[in-house]
Amino acid sequence: MEGMNCLRFGTLLCLFACVHGYAYFRGRIPNGHKVPHPCNPTSDKWVAVGHMLSGGRGPRNPFGDDFAANGNEWTKKLCFMDSDGDGRHNGIELGDPWCQWTKENKYPLQLATSHPGICDPLESPKCEGKNEWLKCPSFSDKCNHATKEPGAHRLDIRLPRLHVPAKENSYICLEYDLPDNDDFHLTAGVPIIDNHITMGGIMVFACEASTYTPASKHPYECGLKTRGDCRHLIGGYSEDIPGICYHKNTGMRIGRTGCRQIVIQIKWNNPEEYEDMFDSSGISLYYTKNLRRYDVGTKIFSSTHFTIPSPRPIYAITSSYPSECSQMQIKSPIYITRAFNHMHKYGKQERVEVIRDGRVVNLITDERFYDLHKPKTFWHTNPVQVLPGDILRITCVYDTREVKHPVHWGLLSTNEICASTIEFYPKGNWMGSTCSSFKSIPLCKLETTGVANGCDFNGFFGALHKDVRTAALFQNCTDMNFCTPACRTLANAATSHPCLTGDSMELLRSPLTAPNKKLKVFFNVLELCGAYTPPKHPQHRRPRKNQNNDTQESMSSGIGGSLPGHLIGPQHKRR
C-alpha cells in the first residue's frame, strides 16, 4: 500500500512538473498562451506549443526541435525561421512579425494567427505529408452532445432517386415542412451521402418564420439561388464542412413559434457528363423538445455596393460595424459560436475581427485561402465574446487578374460579395436589423443616431415627409414633366445639402430606398431641372430583368442590408 501511494505521488509530481514546464516555456515565446490549435484555429489553443500533443509530453514538433536547438530562448534567428515549412516565419505565426519581442521587453504583439510547428493550411499542397502525426477530432465526436442526446428526434430529409444531369454542375432544391405542433430546438444535421462521386455539397436554408408558402412537393433545379424567402443559411455539408452542429448551450428554434420550413440545396458535380448517374442524398436533422438555454441568433455582416478594379492581383474591401452601433444595439455581452464566409470566384482571403480599445482581441473568421467550392465553417467551442462598444471589422481580398473589366458587387456569379454569417447567443442581446455597410456608410448608424458621413438621414427624410408644400410643388412638376421657376430654385438650393454628395447620395439613389415615392419624385425634379445628373455607373442604370431580380434577392437575403422603416416611408411596407 505504501508503495502504491509512492507511485501515485510520483505520478502527480510528474504531471505537475510537466504542466509547470509547459507554462514556463510558453512564457518564453510571444503569445505562448494564445497559440491557435490548427484543427479549430479561431477557438481552441495548443497548450504545449513545442510538442506533437497539445496537452504535452511525447515527441517535439518541428518548432519544439528548433526552440530546443536555440537554448529554449526566443531569438531573432528562431523568429525568422520557418520551422513548419508553410512559407511564414515563426514570428509572423506568433504575432511578432518584426522579431522585436523578448521576454524582458514584452514588445506589443499582434494576434498569433497559426502554430509555428504545424504546417497550415492543413489541406494545402505545401503541407502534404508534413502533418501526418496530427489527428483532428471527427465531426461525430464534436457533436455527440446533440446526436446522442436523450429524447432527441431524427428527421431524414432526402431526395428520391433522381437522374443527375449530364453537365458539369447542377443545383437541385427540395422544400420541406418542419414539425410545428410544438416548439423545438434544431441541434444538429448529419449528411446522408448516396453518390459520393457526384456530391458537390449540401446547403440548408431556413425560410422566413413570418411568412408561409406551401412547400413544393417535388425537387426542382434551382441554380445558385434558393426561394426568395428562404435565404437564411443554417449550414450544410462540403469537403470542409462536415455538417451542422449548434453549440451545446444553443439551438435554432423551429416549430410553432420558430422556423417552419426549410430548403435543402444539393450541388451535383458531373464534369465528365456521364449519362448514367443517379443520387438520393439528403441530410438527417436532429431536434429536441428539451429547449436549450438560448435561442441562437444570426447576423449577416457584409460590405456592399463596392467596385473592384481590374486587373489587380490583390484588392481589399474593408468595412466595420462601429462602436457607436454596438454600444446602442448590443445590450449586454454576446457570444459567437459559429461563422462562415461568403465571396464569389475572385475571393481569395476573408477575415472578421473583434476590435476593443484599438486592438484586435479576437478573430471570428480567418480564411487565408478561400475557395468558393470548398466552403469552411469556423466553430467556436469557446465562444468569442463581443461587448457593447466593440468594433467588428470585415476584410475581403480579391484577385481580378483574369478579368478585363471592373467587378461590381452583386449576387450574380459574375459579381462579387463580401459577407460573413455569424451565429451568437443570447439572441435577444443583439438588436438592430442590419450589420451591413453601403460603401463607406454603416447602415446600423441609420438605425441608431441617424447620422453618417456628415448626413443627418433622419433630418433629411423628416423634412421630405413633413414639407407638404414643397412635396406638392415637386409632384406638380413631375406630373407636367416640366421644371417651373419655383421648382428650379428649390432644386438648385437642394444640391448644397450634405446628404446629396458622395456615398450618401449613392445610398439615397440605391434600390434600398426604392419604396420611398416622395424621394423618387424629389430626384425626378432634380434631374428635370438640371440640378442633378445620374452617374454613368452600372449600379445606377436601369437594370435588366435578371439584374433587378438579383438586387431584390440580395435585399431579401440580408446580404444587401436594409434601411429602417421610417426612412423608407410610413405609408409603404417592405415586401
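Which residues do ring pairs link into a cluster? The points below take up that cluster, a helix contact and a sheet.

1. This is a predicted model, in which local features need pLDDT of at least 70 and side-chain atom pairs count only at pLDDT 80 or more, while totals for chains, interfaces and linings use all residues. Residues are numbered from 1 along each chain as its sequence is written, and side-chain values use heavy atoms, with hydrogens and water left out.

2. The cluster linked by ring pairs consists of F460, F461, F474, F522, F523 and Y532. Rings of Phe, Tyr and Trp (its six-membered ring) are taken as a pair if their centres lie within 6.5 Å, with planes under 30 degrees apart counted as stacked, over 60 as edge-to-face and the rest as tilted. The structure holds 14 aromatic pairs. In one of these, F522 and F523 have ring centres 5.4 Å apart and planes at 75°, so the pair is edge-to-face.

3. F522 is buried, at a relative accessible area of 9%, and F523 also counts as buried, at 1%; buried means under 20% relative accessible area, exposed over 50% and partly exposed in between (1.4 Å probe, protein chains only).

4. Helix α9 (residues 457-466) and helix α13 (residues 517-528) have axes that come within 10 Å and cross at roughly 90°, which makes α9 roughly perpendicular to α13. Axes are lines fitted to C-alpha atoms, for helices over the stretch in contact, and angles run from 0 to 180 degrees between N-to-C directions; those under 35 degrees count as roughly parallel, over 145 as roughly antiparallel, 65 to 115 as roughly perpendicular and the rest as oblique. F460, F461, L464 and H465 of α9 meet K518, L519 and F522 of α13, contact meaning heavy atoms within 4.5 Å. Helices (H or I, at least four residues) and strands (E, at least two) are DSSP runs, numbered from the N terminus.

5. Elsewhere, four strands form an open sheet in the order β16-β21-β18-β19, with antiparallel pairing, where strands pair if DSSP finds at least two bridges between them. The edge strands, each pairing on one side only, are β16 (315-321) and β19, and the twist averages 20° from one strand to the next.

6. Strand β18 (residues 347-356) pairs with strand β19 (residues 359-367) over seven bridges, E350 having E367 as its bridge partner. These two strands form a hairpin with two residues between them, and D357 in the turn has a positive phi of about 55°. β18 also pairs with strand β21 (residues 391-398), over eight bridges, and V354 stands opposite L392 in β21.
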